[in-house]
Amino acid sequence: MPKEILDKPFMSSQITTDDNDKPVYSPCRYECPIHTDVQRYIHLISNAKYEEAFETIRSVNPLPSTCSYICHHPCENACRRGKIDAPLAIRHLKRYAIQKATEYRKKNRLRPKQTNGKKVAIIGSGPSGLTVASDLADLGYGVTIYEKFSKLGGILALAIPTYRLPREALKEDIDDILAKGVETVLNCEVGKDISLKDLIAKYDTVVVATGLMKSRNLNIPGIDGQGVLLAIPFLIDVFSNDNREFKLGKRVVVIGGGNVAIDVARTAKRLGSDVEMVCLEAPDEMPAWSWEVDEATQEDIKINHRWAPKEIVRKDGIIEGLVVKRVTSVFDSNGRFNPEYDEHITDFISADTVIVSIGQTVDTTFLNDSPLIVDKQGKLVFNNHDYLSNHPKIFYSGEIVTGPGSAVSAIAHGHKVASSIHQRLNDSKTDLSFVEIDKIGDIPETVRNVIKARPRISISLLDTNIRKKTFIPVEIGYDDASALREAKRCRGCGGGAVVDIRKCMACMTCKRICPYDAPVVSFYSRIRQEYCQACGLCVSTCPSKAISMRGMDVESFRKDVIGLLSEKNSNIQTPPFLLYTCITQGLNPEIPQDIKVVSLDCLSRLDVLDIITPFNYAIRGVLLLPCNDDCKYHGVDYWLKMKVLHAKKILSSLSIPQDCIQIIFNNKSELSQNINDSSLNALIQRHKEGLQ
Amino acid sequence: MIVGEQKPFEEIWNMIRQYRRVLVLGCNTCVAVCHSGGEKEAHILSEVIQIKASSTDTSIEVNHMGLVRQCENEYIDDAIHNLQTYEAILSLACGVGVNFLSQKIGSIPVLPGLNTTFYGSVEEAGVFAEMCVGCGDCILHLTGGICPIARCPKSIMNGPCGGTNNGKCEIGVDTDCAWYLIIQRMKALGILHLLEEIQPPRDWSKSFHGGPRRMFVSHVMLNKREDANK
Ligand SMILES: Cc1cc2nc3c(=O)[nH]c(=O)nc-3n(C[C@H](O)[C@H](O)[C@H](O)COP(=O)(O)OP(=O)(O)OC[C@H]3O[C@@H](n4cnc5c(N)ncnc54)[C@H](O)[C@@H]3O)c2cc1C
Ligand code: SF4
């Protein structure tokens, strides 16, 4: 969790903005519990910079691969594109970026530079324990994880079905963490194999991150006896002990309506049983994510809504079925979970196996022979600010204190606790937590109406018939073209134009040119961030160079272009061409050597200046390749043509031939969707020849 | 607002080619609004000069910068030490800026990169129209808000002349006949009868013809001046 990355400046050049013009997070970044810079990595994906995309993700997330498979992606639920057509497929793009960077990652595990001599023990290797370990290792602590099971990863390794989270993905993440020098003691249950007291004696600090490993059970007639299983032990048996031969009965009833119940049901299905679920909630009240429910129903799992278990009927000890009673309401008038039943309306579901999946609770084995205390209600005692327990050397982290949630929330909590520990052990005032800033407002309706709809590119799922029988991962990732097309849908929320009020002289140019009515001009212009779509037209037309972008530092962009033009390449005899292209073209990397390529989000950001300046560096011509009919912005072609005309007029006074600047308009008829399209290169070649 | 237009590059080049260190100085007020002389145009022009210099084997060091305005002391004072390191300054301000800077800068030539053209409005994005000549004796209340001096090529006070042609001026179909506009407008305002009143001859001495003008706003003047109370 390096601090520099967490509070990365929004723009490198210093500009003076209006007081109301504070930087804001895009909603995707805001809603992510660890504030992953989603926009940035999506942008890097479009630019084929997978390694940088991966580093952006890794900078805040020690379990990037895992999250790319199983994160509940609050980013997507918040994505502003959702109000236009559909949210970006952020999780799938994350998975794509990470897979593209696999080789790089293996060669570039991050090793801490120095140690600080302090030692920390972490009990439990779930996402929160692993995060504390990773962060503290980064900061130079000697970290040892004590884990009850033989595998690292907590619930991720033990219970999450492999058809959702392939264990190779988790392994990549864990290898990253182990490479930091984190030590592990497996098959060691604290409270049984070693006591907390012993750990306190050996370490400067101990972190209890033991999660919610115990399944709750029901108290109904017939519950005791064979044929009744609990969710977590069942999943652990199947996925941690690799027991795919698990013998379930022919007809299984799963009790519960949460995500774990869905996992249990889908797993039972794959083991060959007919599966039904019984849950208290109506479809829209279920705690399970809607997409998980959808995937379960696709796999022919019947869900009985608004029924509660009443009795398990047995004959000679063998289960015959489950009697259920009608649920009349689930929540009370205050929205609290408080189910009410009509005992007279009942039904019977025949079954030979019942799996109870109604929630998890704390396994308190670790309390044995420990100084930790529980209060009168039996609750653990800790400080809500830094998660220090009643003992000055013991912290809590993860679901044991936050209650059930998601992996990424457990990671976020791990960061918080690591930060508290560092502050305490180092007497340090440095707050390592995230920079908390506001999020951008919704896209106003007027703007929504002008944005072109572009359907979300879904990933393909494994055929349901195969799914029902195997544990093969359900989701099939993106191919290059689909990932690029999806990445291109991002609106760059909050990364748009920003005015330097010292330079603006309220000339109205930005207001007139903006397709989204973002600028408001009085004594100076202020660009309303929630309106701005980050196309950059205003940046390139402002006559006083007063506008920059939060997502792209225009000055350093220009420096980079000059840097590229100044590079000597001994392989090329003749002066090269400069090609400006929209990143979403996803150019074939085998582009001819005598073309220097500069890609940017949209050519609307290019100024006449950017077209003229290159002629100061022995080049033969400037080519401009916009994305044309696929462009997500408005008016780009028109303004580009105008700028080129103006640039040509200027250059004609220097007797530079007019055709030294060429816009390559490619339309779909000339090009296919395929990004490694040789026809694109052929097209560039043709234009180039035209210039020679 | 003052409108200006960049001079043809050949002319600019002939002015500056003899100097070895030149600053292209933008002015970020009026002439920036008309996209002729702001900091951005100064940057573009400096690039163009460099291209020309290298293609003609002329060695010139060219830099660019912009001032808020080149017609006020303080803005210039802030930058004067830097400005004085150059052999010549190519100013993209209007003529006022070039004059004023020349007066202040000492022995360095300040060269005009623009032709200052008129006081104009922004009719629409990228379209600037002349509307006033600063004659010093405004009669717009008598002509329906349309200036015959600025907008009639003959500046006649009792138009239209015989050249008016369906609302257009005889000099070209792109130019509206100012007097046609005046009459239409006064009709609409119900003040056409004002034209029947006999007006005294105009006092052109209030205009440029009376010599360069100066205005004193005594309550903000820091220094007492003899000529201020005249
Ligand atoms: C079936 C299931 C599916 C889920 N699916 C998703 C999903 O798709 N997406 C998502 O975001 N979240 C999901 N979650 C939630 C997610 O797994 C949890 O939020 C997360 O694992 C909590 O992390 P944690 O670090 O607090 O604890 P855990 O992951 O529970 O880890 C606790 C660890 O502590 C160890 N431990 C416990 N007691 C001791 C002891 N005494 N000594 C030594 N070690 C001990 C345990 O063995 C375990 O390894 C799912 C949870 C379950 C149960
Ligand atoms: S459009 Fe892009 S930046 Fe905006 S919320 Fe969606 S993913 Fe984030």
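A:W289 is partly exposed at a relative accessible area of 30% (buried is under 20%, exposed over 50%, partly exposed in between; 1.4 Å probe, protein chains only). This is a predicted model, in which local features need pLDDT of at least 70 and side-chain atom pairs count only at pLDDT 80 or more, while totals for chains, interfaces and linings use all residues. Residues are numbered from 1 along each chain as its sequence is written, chains are lettered from A and ligands numbered from 1 in the order written, and side-chain values use heavy atoms, without hydrogens and water.

**Aromatic pairs**

- Over all chains, the count is eleven aromatic pairs (Phe, Tyr or six-membered Trp rings with centres within 6.5 Å; planes under 30 degrees apart are stacked, over 60 edge-to-face, the rest tilted).
- A:W289 and A:W291 are stacked, 5.3 Å centre to centre with 0° between the planes.
- A:W291 is also partly exposed, at 23%.
- A:F382 and A:Y396 pair edge-to-face at 6.0 Å and 70°.
- A:F382 is partly exposed at 26%, whereas A:Y396 is buried at 0%.
- Ring pairs join A:Y163, A:F239 and A:F471 into a cluster.

**Charges over rings**

- A:K119 lies over the face of A:Y203, 5.4 Å from the ring centre (NZ of Lys or CZ of Arg within 6 Å of the centre and within 35 degrees of the ring normal).
- A:K325 lies over the face of A:Y341, at 4.2 Å from the ring centre.

**Ligand 2**

- Residues around ligand 2 include A:C28, A:Q39, A:R80 and A:C490 (a heavy atom within 4 Å).
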